Amino acid sequence: MSKDAARLRQPVRLLRRSGQWQVELTRLVAVDEQLMRPERYQVVATPQVLRTLTPSCPPERVREAEALLSTPDDGSECAFELEDHGWAPLAESRPSLHPLTRDEMMALISDLHAQVTLMRGMHDALLARIVTVEGALQPKAARPQPPPQIRRVPSRRDMLAVLQGPVNDRPRPLGLERLGAGEPAPVPNSSPAAAEAVAMRQTAPGADVTQLSPPEPEAPGAAGAPPAEPTSVATASARLILPPQSDIIQCLRMLASDVEVSARAAAVPADFTDYYVARLVDASQETIGAILVNQRAGAALGGGLLGIPVAARDEQGRRGIAKDTLEGLNEICNNVWGLVNRKNPQTATKLGALERVSGATSTWLPNAPSVLTLATPGNGALFIASR
């Protein structure tokens, strides 16, 4: 076979992949001196390459191919095969799958890492609840048993610290150490003398730890101890000790990262027209606390958890919260309730579903002895109150 036949290139297909045109050609490759076989390969399709296909490709087919190359790219993949009457499409076009960039891949990995860390914390919380329920269902033995070892549930602040990385080149633990049933919980940001005083009050016979107030912060410079973090302190008549505002703000920012939450000094309103409430009840089904949120804050936080556009959240804040957004707000309240329970290990509570404020709840809320207040943009308000 002649060398001219060996150099002959016959166009077969025109392909568009990820916005780039390619032409598929057929050439003859020598197997031995007497035998040649056809082989297909692809090159980038340009007008210069198409013009070199003649005389194997008629000039009118070259012009048709150039017209296809000049069509605007709509982000689809397509293929055309050369036939006697022209270039015929092979199949319906389908959207291209563009590869992720490095920044998009790193953002996806970070999001997955945050979700895995949050799932681990929730898993530990479920284990602690199962241990508590199984211990309550088992019959008491005749002789006293040693106190059970219960896993401590990590706080949202601990999980946020893990997500943000090590502090001062030292990784921060997730707070999963085991505590004995009778061992007092450590008091953060307090001096050794204050922590010892709290431990003595917790172990005193007949002491009601649910009504104990946190220790008074020491004066600046006393024993070299830094001042304690400001928190919402329950009065002597309050049934629950409320967590610090900073813990609640960090928890809400983790759940609805694009919602600006800030502390605010404001009293519980007397008008609950556009408010929802989730009651905290004790073992005797008595309401001893509540999470109160108005319509604007509920739409912002619930919608922020679900990733709803800001314009849609503002619309719901004016006209009414949708069902999906209300379910997201329920999850927000569930996490806030977890922080309250962690602050009151001796007073276990249950969280009720969100409902409109009515009845006896509207009577005691304006006069609650201990209230923690947070605000969101657009006059949104969230209150955590204790009776």
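A note on the model: it is predicted, so local features need pLDDT of at least 70 and side-chain atom pairs count only at pLDDT 80 or more, while totals for chains, interfaces and linings use all residues. Residues are numbered from 1 along each chain as its sequence is written, and side-chain values use heavy atoms, with hydrogens and water left out.

**Burial.** I see that 35% of the 387 residues count as buried, meaning under 20% relative accessible area with a 1.4 Å probe, protein chains only.

**Helix 8 with helix 9.** I then turned to helix 8 (residues 295-306) and helix 9 (residues 310-319), which pack at about 150° with axes 8 Å apart. Axes are lines fitted to C-alpha atoms over the stretch in contact, and angles run from 0 to 180 degrees between N-to-C directions. The two helices are therefore roughly antiparallel (over 145 degrees).

**Helix 8 with helix 10.** Next I checked helix 10 (residues 323-343), whose axis comes within 7 Å of that of helix 8 and crosses at roughly 90°. Helix 8 and helix 10 are therefore roughly perpendicular (65 to 115 degrees). Here I found Leu301 and Leu305 of helix 8 among the contact residues, with Leu329 and Ile332 included from helix 10.

Key: Helix = DSSP H or I, 4+ residues; strand = E, 2+ residues; numbered from the N terminus. Parallel < 35°, antiparallel > 145°, perpendicular 65-115°, else oblique. Buried < 20%, exposed > 50% of the residue type's maximum accessible area, 1.4 Å probe, protein only. Contact = heavy atoms within 4.5 Å.
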